[in-house]
Amino acid sequence: MTIALWRRLLAEFTGTALLVTAVVGSGIMATTLSPDDVGLQLLQNSIATAFALGALILIFGPVSGAHFNPVVSAADWFLGRRAGTGLTVRDLGGYVAAQVAGAIAGSVLANLMFDLAAVTWSGKDRAAGNLWLGEVVATTGLILLVFALARSGRAPVAPAAVGAYIGAAYWFTSSTSFANPAVTIGRAFTDTFAGIAPASVPGFVIAQIVGLAVGIGLLAALYPDAGQAADQVVMPTDDRNPAADQRSWPAAPRTEPHCQKGS
(Lines give C-alpha, C1' and ligand atoms only; values in the text may rest on other atoms or scores of the structure.)
Protein backbone atom coordinates (compact mmCIF):
# COMPACT_ATOMS: atom_id res chain seq x y z
CA MET A 1 0.00 0.00 0.00
CA THR A 2 1.61 3.26 -1.12
CA ILE A 3 1.58 5.99 1.51
CA ALA A 4 -0.84 8.77 0.53
CA LEU A 5 0.80 11.93 -0.77
CA TRP A 6 -0.91 14.14 1.80
CA ARG A 7 0.59 12.08 4.62
CA ARG A 8 4.06 12.36 3.11
CA LEU A 9 3.66 16.12 2.63
CA LEU A 10 2.49 16.51 6.22
CA ALA A 11 5.58 14.62 7.36
CA GLU A 12 7.84 16.84 5.25
CA PHE A 13 6.15 20.01 6.50
CA THR A 14 6.28 18.99 10.15
CA GLY A 15 9.79 17.57 10.01
CA THR A 16 11.23 20.62 8.26
CA ALA A 17 9.41 22.94 10.68
CA LEU A 18 10.84 21.14 13.70
CA LEU A 19 14.31 21.08 12.14
CA VAL A 20 14.30 24.86 11.65
CA THR A 21 12.83 25.32 15.13
CA ALA A 22 15.81 23.37 16.48
CA VAL A 23 18.31 25.38 14.43
CA VAL A 24 16.85 28.78 15.33
CA GLY A 25 15.83 27.93 18.88
CA SER A 26 19.20 26.49 19.85
CA GLY A 27 20.89 29.54 18.34
CA ILE A 28 18.77 31.85 20.48
CA MET A 29 19.45 29.76 23.59
CA ALA A 30 23.17 29.67 22.83
CA THR A 31 23.45 33.46 22.60
CA THR A 32 21.47 33.78 25.84
CA LEU A 33 23.61 31.32 27.79
CA SER A 34 27.00 32.23 26.25
CA PRO A 35 26.67 35.85 25.17
CA ASP A 36 30.40 36.56 24.94
CA ASP A 37 31.70 33.40 23.25
CA VAL A 38 30.76 32.98 19.59
CA GLY A 39 32.68 29.72 19.30
CA LEU A 40 30.73 28.18 22.16
CA GLN A 41 27.50 29.48 20.63
CA LEU A 42 28.29 27.69 17.37
CA LEU A 43 29.17 24.49 19.24
CA GLN A 44 25.88 24.53 21.11
CA ASN A 45 23.95 25.30 17.93
CA SER A 46 25.66 22.57 15.89
CA ILE A 47 25.24 19.86 18.52
CA ALA A 48 21.54 20.61 18.97
CA THR A 49 20.99 20.66 15.20
CA ALA A 50 22.82 17.38 14.61
CA PHE A 51 20.93 15.54 17.34
CA ALA A 52 17.57 17.01 16.32
CA LEU A 53 18.10 16.10 12.67
CA GLY A 54 18.91 12.49 13.52
CA ALA A 55 15.84 12.20 15.72
CA LEU A 56 13.56 13.78 13.11
CA ILE A 57 14.78 11.38 10.42
CA LEU A 58 13.88 8.50 12.72
CA ILE A 59 10.40 9.94 13.32
CA PHE A 60 9.42 10.91 9.78
CA GLY A 61 11.64 8.70 7.62
CA PRO A 62 9.18 5.78 7.52
CA VAL A 63 6.47 8.13 6.19
CA SER A 64 8.10 10.48 3.67
CA GLY A 65 11.75 9.50 3.54
CA ALA A 66 12.58 12.52 5.73
CA HIS A 67 14.12 14.63 2.97
CA PHE A 68 13.41 18.02 4.65
CA ASN A 69 15.45 19.53 1.82
CA PRO A 70 14.53 20.52 -1.78
CA VAL A 71 17.95 19.56 -3.17
CA VAL A 72 17.65 16.04 -1.74
CA SER A 73 14.15 15.73 -3.20
CA ALA A 74 15.30 17.10 -6.57
CA ALA A 75 18.20 14.63 -6.69
CA ASP A 76 15.81 11.83 -5.74
CA TRP A 77 13.54 12.71 -8.67
CA PHE A 78 16.34 13.29 -11.16
CA LEU A 79 18.30 10.13 -10.41
CA GLY A 80 15.27 7.91 -10.05
CA ARG A 81 13.27 9.03 -13.06
CA ARG A 82 14.83 6.55 -15.53
CA ALA A 83 14.64 3.63 -13.13
CA GLY A 84 11.03 4.39 -12.18
CA THR A 85 12.04 4.92 -8.56
CA GLY A 86 12.01 7.93 -6.27
CA LEU A 87 9.69 10.93 -6.49
CA THR A 88 7.46 11.82 -9.41
CA VAL A 89 7.32 15.40 -10.73
CA ARG A 90 4.04 15.88 -8.84
CA ASP A 91 5.60 14.55 -5.65
CA LEU A 92 8.63 16.80 -6.09
CA GLY A 93 6.50 19.94 -6.38
CA GLY A 94 4.54 18.99 -3.28
CA TYR A 95 7.67 18.14 -1.29
CA VAL A 96 9.38 21.44 -2.11
CA ALA A 97 6.29 23.48 -1.22
CA ALA A 98 5.83 21.59 2.06
CA GLN A 99 9.50 21.98 2.97
CA VAL A 100 9.59 25.73 2.32
CA ALA A 101 6.32 26.31 4.20
CA GLY A 102 7.55 24.15 7.06
CA ALA A 103 10.85 26.03 7.28
CA ILE A 104 9.07 29.37 7.55
CA ALA A 105 6.70 27.97 10.17
CA GLY A 106 9.69 26.64 12.12
CA SER A 107 11.30 30.07 12.34
CA VAL A 108 8.02 31.64 13.42
CA LEU A 109 7.58 28.97 16.10
CA ALA A 110 11.10 29.49 17.45
CA ASN A 111 10.61 33.25 17.55
CA LEU A 112 7.38 32.89 19.48
CA MET A 113 8.85 30.35 21.94
CA PHE A 114 11.52 32.87 22.90
CA ASP A 115 9.07 35.76 23.21
CA LEU A 116 10.10 37.50 20.00
CA ALA A 117 7.89 38.88 17.26
CA ALA A 118 6.57 36.11 15.03
CA VAL A 119 8.58 37.45 12.08
CA THR A 120 11.79 39.41 12.56
CA TRP A 121 13.62 39.79 9.25
CA SER A 122 17.27 38.91 9.66
CA GLY A 123 19.88 41.61 9.23
CA LYS A 124 22.80 39.17 9.09
CA ASP A 125 24.51 39.64 5.74
CA ARG A 126 26.01 36.42 4.37
CA ALA A 127 26.75 37.47 0.78
CA ALA A 128 30.34 36.56 -0.12
CA GLY A 129 32.04 34.28 -2.61
CA ASN A 130 33.78 32.20 0.05
CA LEU A 131 30.45 31.53 1.76
CA TRP A 132 28.86 30.45 -1.51
CA LEU A 133 31.77 28.09 -2.10
CA GLY A 134 31.15 26.67 1.38
CA GLU A 135 27.54 26.02 0.43
CA VAL A 136 28.60 24.22 -2.77
CA VAL A 137 30.90 21.98 -0.73
CA ALA A 138 28.33 21.31 2.01
CA THR A 139 25.52 20.51 -0.43
CA THR A 140 27.68 18.30 -2.64
CA GLY A 141 28.79 16.27 0.36
CA LEU A 142 25.23 15.86 1.59
CA ILE A 143 23.99 14.57 -1.77
CA LEU A 144 26.88 12.13 -2.01
CA LEU A 145 26.26 10.88 1.51
CA VAL A 146 22.54 10.16 1.30
CA PHE A 147 22.72 8.44 -2.07
CA ALA A 148 25.84 6.46 -1.22
CA LEU A 149 24.06 5.18 1.89
CA ALA A 150 20.95 4.23 -0.08
CA ARG A 151 22.86 2.60 -2.94
CA SER A 152 24.95 0.47 -0.58
CA GLY A 153 21.94 -0.66 1.46
CA ARG A 154 22.91 1.36 4.52
CA ALA A 155 19.97 3.79 4.54
CA PRO A 156 18.97 2.68 8.08
CA VAL A 157 22.10 4.42 9.44
CA ALA A 158 21.09 7.70 7.76
CA PRO A 159 19.83 9.32 11.00
CA ALA A 160 23.26 9.07 12.61
CA ALA A 161 25.27 9.65 9.43
CA VAL A 162 23.35 12.67 8.14
CA GLY A 163 23.17 14.24 11.60
CA ALA A 164 26.91 13.74 12.06
CA TYR A 165 27.70 15.19 8.63
CA ILE A 166 25.64 18.33 9.15
CA GLY A 167 27.06 18.79 12.65
CA ALA A 168 30.60 18.51 11.30
CA ALA A 169 29.89 20.74 8.30
CA TYR A 170 28.93 23.55 10.68
CA TRP A 171 32.64 23.67 11.44
CA PHE A 172 34.49 22.76 8.25
CA THR A 173 32.55 25.05 5.87
CA SER A 174 32.79 28.83 5.85
CA SER A 175 29.01 29.16 5.57
CA THR A 176 28.23 26.91 8.57
CA SER A 177 26.52 24.52 6.18
CA PHE A 178 22.96 25.56 5.42
CA ALA A 179 22.98 23.08 2.48
CA ASN A 180 19.21 23.41 2.17
CA PRO A 181 17.19 26.00 0.18
CA ALA A 182 14.08 25.61 2.34
CA VAL A 183 16.01 26.07 5.58
CA THR A 184 17.83 29.04 4.05
CA ILE A 185 14.51 30.73 3.24
CA GLY A 186 13.11 29.92 6.67
CA ARG A 187 16.11 31.38 8.47
CA ALA A 188 15.51 34.76 6.81
CA PHE A 189 12.44 35.11 9.04
CA THR A 190 14.41 35.44 12.28
CA ASP A 191 16.86 38.17 13.28
CA THR A 192 18.78 35.89 15.62
CA PHE A 193 22.02 33.87 15.69
CA ALA A 194 20.93 31.52 12.89
CA GLY A 195 19.40 34.16 10.66
CA ILE A 196 20.34 35.19 7.14
CA ALA A 197 19.42 38.50 5.52
CA PRO A 198 16.74 38.12 2.84
CA ALA A 199 19.09 39.75 0.31
CA SER A 200 21.64 36.97 0.96
CA VAL A 201 19.17 34.14 0.37
CA PRO A 202 19.36 34.02 -3.48
CA GLY A 203 23.15 33.63 -3.47
CA PHE A 204 22.97 30.75 -1.00
CA VAL A 205 20.18 29.01 -2.92
CA ILE A 206 22.07 29.30 -6.21
CA ALA A 207 25.20 27.87 -4.54
CA GLN A 208 23.13 24.98 -3.18
CA ILE A 209 21.75 24.25 -6.64
CA VAL A 210 25.31 24.23 -7.98
CA GLY A 211 26.21 21.79 -5.19
CA LEU A 212 23.25 19.64 -6.23
CA ALA A 213 24.54 19.53 -9.83
CA VAL A 214 28.08 18.70 -8.71
CA GLY A 215 26.80 16.00 -6.38
CA ILE A 216 24.70 14.39 -9.12
CA GLY A 217 27.67 14.49 -11.48
CA LEU A 218 29.92 12.78 -8.95
CA LEU A 219 27.26 10.19 -8.21
CA ALA A 220 26.97 9.42 -11.93
CA ALA A 221 30.71 8.79 -12.03
CA LEU A 222 31.06 6.92 -8.74
CA TYR A 223 27.72 5.10 -8.52
CA PRO A 224 26.13 4.86 -11.99
CA ASP A 225 23.28 2.77 -10.56
CA ALA A 226 22.47 5.18 -7.71
CA GLY A 227 19.03 5.88 -9.19
CA GLN A 228 17.97 2.29 -8.51
CA ALA A 229 18.01 3.11 -4.79
CA ALA A 230 16.11 6.42 -4.97
CA ASP A 231 13.21 4.91 -3.04
CA GLN A 232 15.55 4.46 -0.07
CA VAL A 233 16.52 8.14 0.31
CA VAL A 234 16.97 9.42 3.02
CA MET A 235 15.45 6.52 4.93
CA PRO A 236 13.26 3.75 3.55
CA THR A 237 9.56 4.60 3.66
CA ASP A 238 7.28 2.04 5.26
CA ASP A 239 4.80 1.47 2.43
CA ARG A 240 3.50 -1.83 3.67
CA ASN A 241 -0.03 -2.48 4.77
CA PRO A 242 0.32 -3.23 8.50
CA ALA A 243 -2.72 -5.52 8.43
CA ALA A 244 -1.15 -7.61 5.73
CA ASP A 245 2.33 -7.56 7.17
CA GLN A 246 2.73 -11.03 8.51
CA ARG A 247 6.18 -11.04 10.01
CA SER A 248 8.10 -14.27 9.89
CA TRP A 249 9.26 -15.37 13.28
CA PRO A 250 12.03 -17.93 13.68
CA ALA A 251 10.64 -21.44 13.54
CA ALA A 252 10.85 -23.53 16.66
CA PRO A 253 13.91 -25.73 16.71
CA ARG A 254 13.24 -29.05 15.11
CA THR A 255 13.48 -31.94 17.50
CA GLU A 256 15.15 -34.94 16.00
CA PRO A 257 14.20 -38.39 17.29
CA HIS A 258 16.81 -39.94 19.54
CA CYS A 259 18.80 -42.62 17.81
CA GLN A 260 18.44 -46.10 19.28
CA LYS A 261 21.48 -48.18 19.86
CA GLY A 262 22.10 -50.56 17.06
CA SER A 263 19.85 -48.71 14.64
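Predicted model: local features only at pLDDT ≥ 70, side-chain atom pairs only at ≥ 80, totals over all residues.
Local features need pLDDT of at least 70 and side-chain atom pairs count only at pLDDT 80 or more, while totals for chains, interfaces and linings use all residues. Residues are numbered from 1 along each chain as its sequence is written, and side-chain values use heavy atoms, with hydrogens and water left out.

A search of the whole structure gives 2 salt bridges, each defined as a side-chain nitrogen of Lys or Arg within 4 Å of a carboxyl oxygen of Asp or Glu.

| Salt bridge | Closest N and O atoms |
|---|---|
| Asp91 and Arg8 | 3.5 Å |
| Arg151 and Asp225 | 3.1 Å |

Asp91 in helix H4 (residues 89-113) and Arg8 in helix H1 (residues 5-33) are 83 residues apart. Helices are DSSP runs (H or I, at least four residues), numbered from the N terminus. Both Asp91 and Arg8 are buried (under 20% relative accessible area, with a 1.4 Å probe and protein chains only; exposed is over 50%, partly exposed in between).

Arg151 lies in helix H5 (residues 129-151) and Asp225 in the segment after helix H8 (201-222), so this pair ties together parts 74 residues apart in sequence. Arg151 is partly exposed at 38% relative accessibility, and Asp225 is partly exposed at 36%.

Leu40, Leu43, Ile47, Phe51 and Trp171 form a nonpolar surface patch with about 500 Å² of accessible area together (Shrake-Rupley method, 1.4 Å probe). Patch residues have over 30% relative accessible area and no salt bridge; nonpolar side chains (Val, Leu, Ile, Met, Phe, Trp, Tyr) are joined within 5 Å, like charges within 9 Å. Helix H2 (residues 38-64) gives the most to the patch, with 4 residues. Phe51 is found in helix H2 and is exposed, with a relative accessible area of 64%.

Methods:
Helix = DSSP H or I, 4+ residues; strand = E, 2+ residues; numbered from the N terminus.
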